[in-house]
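Colleague: I would like to learn how to read a two-chain model. Could you walk me through it, feature by feature?

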Amino acid sequence: MVSGTDLAFWTLAAIAIVSGWRVFRTDSMVRSAFLLLLSFIAVGLIMLLLRAPYLGVATIFMMGVEMMVMALFMVMFMMNPAGLNPMNMVHQERFAIVAGVLAFAGLAAAVWLTDLPHHPLVAGRPVIRELGMELLGRSMLIFETAGVTLLATMIGTVVLSSRSGRFGPADAGSLPPTMTPGGMPAGRIPKKRSGGHGGHGGHAPSAASPTAGEPAHGHANDHPHQPPEHHA
Amino acid sequence: MSLQAILLVAAALIGLGLYGALSQKSFVMLLMGLELMLNGVLLIVVGCWSRSTDGDPKGQLLAIIVMAVMAVDMAIGFALVTAVYRKRQVDVIEGLTTMKH
């Protein structure tokens, strides 16, 4: 006795889980952003099945825009966004697999062992109207708090990502990678780094910075308000 | 489509998201793992609202708050990625060994 709703639910659940897994298994980062979008769309459609049409459609729209932004960031910042080369950028994978499986097993055990209440949504209830009345009625303060939080987020985002800051340009001292083979890798400008090491008083340059300048030069480059860097 | 089935699917999404957030080197892929976990949380909230609250609108309100959290973590995450990239020209977690700028 498999109903159409059940069939649709399990199909969408399989799509959500499989595409969520493929997100971390594809060579192309842009493709993985679209796979995550597919997972979100499947969950949004499950919400429609659960008779939460406003939330389902809002999720699909919001995630559509968000994943487009994510794909843009991939192209801007990341290496290999198109997936032309095979890529597997993972670390501590065994630990991560164990953590993920343990999280799933723990949550699944909690689901099976809990006596979940069964008070399903009454058919014909005007859920969108009720949500609107709740948002702009008794729970307006909560809703407005979310709005103020989003405003604070916008301000924080601009502050964090702007080039000019309180201590000068945010990208001072950083070095973009050269476009020629065998050129300098991206990172910090080595001269500044040797200046920081000169601040320790020791003359021995660390093994990681072979281009350390003269100590006197290094001291002249020191900024009095900047603490010396301890790590290369 | 029982509540248990919905919660199990959500648990799978949360487990996958945790795996991604812990295993990926790239900042943006880490954010994707977080988003996948929040996807599962959203499914839990809507499932519980639909199956065990008689359709109390406060459950939908909670789902909207979860969506706001999603937007906040993406925006701040991308701003941090931009700030780190400006300063150090790195896009992987291994590039960060210190929190000093």
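Modeller: We will go through the fold, the interface, the core, the salt bridges and the backbone in turn. Keep in mind that this is a predicted model.

Colleague: Let us begin with the fold. How many helices and strands does chain A have?

Modeller: Chain A has eight helices and four strands. Read along the sequence, they follow the pattern α-α-α-α-α-α-β-β-β-β-α-α. Of its 232 residues, 31% count as buried.

Colleague: Now the interface. What area is buried between chain A and chain B?

Modeller: The general idea is that the size of an interface is often given as the accessible area lost when the parts come together. Here the area buried between chain A and chain B is about 7800 Å², and carbon and sulfur atoms give 74% of that. Which elements are involved on the side of chain A that touches chain B? Those giving two or more residues are α1 (4-22), α2 (29-49), α3 (53-77), α4 (93-113), α5 (127-135), α6 (140-161), β3 (174-175) and β4 (187-188) of chain A. By class, that side has 62 nonpolar, 23 polar and 13 charged residues.

Colleague: And how many residues does each chain bring to the contact?

Modeller: Chain A brings 98 residues and chain B brings 75 residues.

Colleague: How many salt bridges and polar contacts are there between the chains?

Modeller: The count of salt bridges between chain A and chain B is zero. For polar contacts, the rule finds 17 residue pairs across the interface, both partners at pLDDT 80 or more.

Colleague: Could you show me individual residues that touch the other chain?

Modeller: Take T153(A), which lies in helix α6 of chain A. Leaving aside neighbours within four places in sequence, T153(A) is in contact with V72(B), A75(B) and I76(B). Its relative accessibility is 7%, so T153(A) counts as buried. Coming from chain B, S23(B) sits in helix α1 of chain B. S23(B) touches M89(A), V90(A), H91(A) and A96(A), again not counting residues up to four places away in sequence. With a relative accessible area of 0%, S23(B) is buried.

Colleague: Next, the nonpolar core. Which residues have the most contacts inside the largest one?

Modeller: The largest nonpolar core has 63 residues, and those with the most contacts inside it are L55(A), M70(A), M32(B), L43(B) and V46(B). At least two residues each come from α1, α2, α3 and α5 of chain A and from α1 (3-23), α2 (27-52) and α3 (57-88) of chain B. The element that gives the most is α2(B), with twelve residues. As for M32(B), the residues it touches include V23(A), F24(A), M29(A), L36(A), M70(A) and M74(A), not counting residues up to four places away in sequence.

Colleague: How should I read the salt bridges over all chains?

Modeller: Side chains of opposite charge can pair when their charged atoms come close. A search of the whole structure finds two salt bridges. One joins R25(A) and E93(A), at 2.8 Å from N to O. This pair links distant parts of the chain: R25(A) is in the loop between α1 and α2 of chain A, E93(A) is in helix α4 of chain A, and they are 68 residues apart. R25(A) is partly exposed at 30% relative accessible area, and E93(A) is partly exposed at 24%.

Colleague: Last, the backbone. What is phi of R51(A) near?

Modeller: Most residues other than glycine have a negative phi, and most peptide bonds are trans. Phi of R51(A) is near 60°, a positive value in a residue other than glycine. R51(A) is placed in the loop between α2 and α3 of chain A. In chain B, phi of D54(B) is also near 60° and positive, and D54(B) lies in the loop between α2 and α3 of chain B.

Notes
Residues numbered from 1 in each chain as written. Chains lettered and ligands numbered in written order. Predicted model: local features only at pLDDT ≥ 70, side-chain atom pairs only at ≥ 80, totals over all residues. Heavy atoms only, no water. Contact = heavy atoms within 4.5 Å. Buried area = accessible area lost by both parts, 1.4 Å probe. Salt bridge = Lys/Arg side-chain N within 4 Å of Asp/Glu carboxyl O. Polar contact = N/O pair within 3.5 Å; in protein donor to acceptor, adjacent residues only side chain to side chain. Nonpolar A, V, L, I, M, F, W, Y, C, P; charged D, E, K, R; others polar. Buried < 20%, exposed > 50% of the residue type's maximum accessible area, 1.4 Å probe, protein only. Core = buried A, V, L, I, M, F, W, Y, C linked by side-chain atoms within 4.5 Å.
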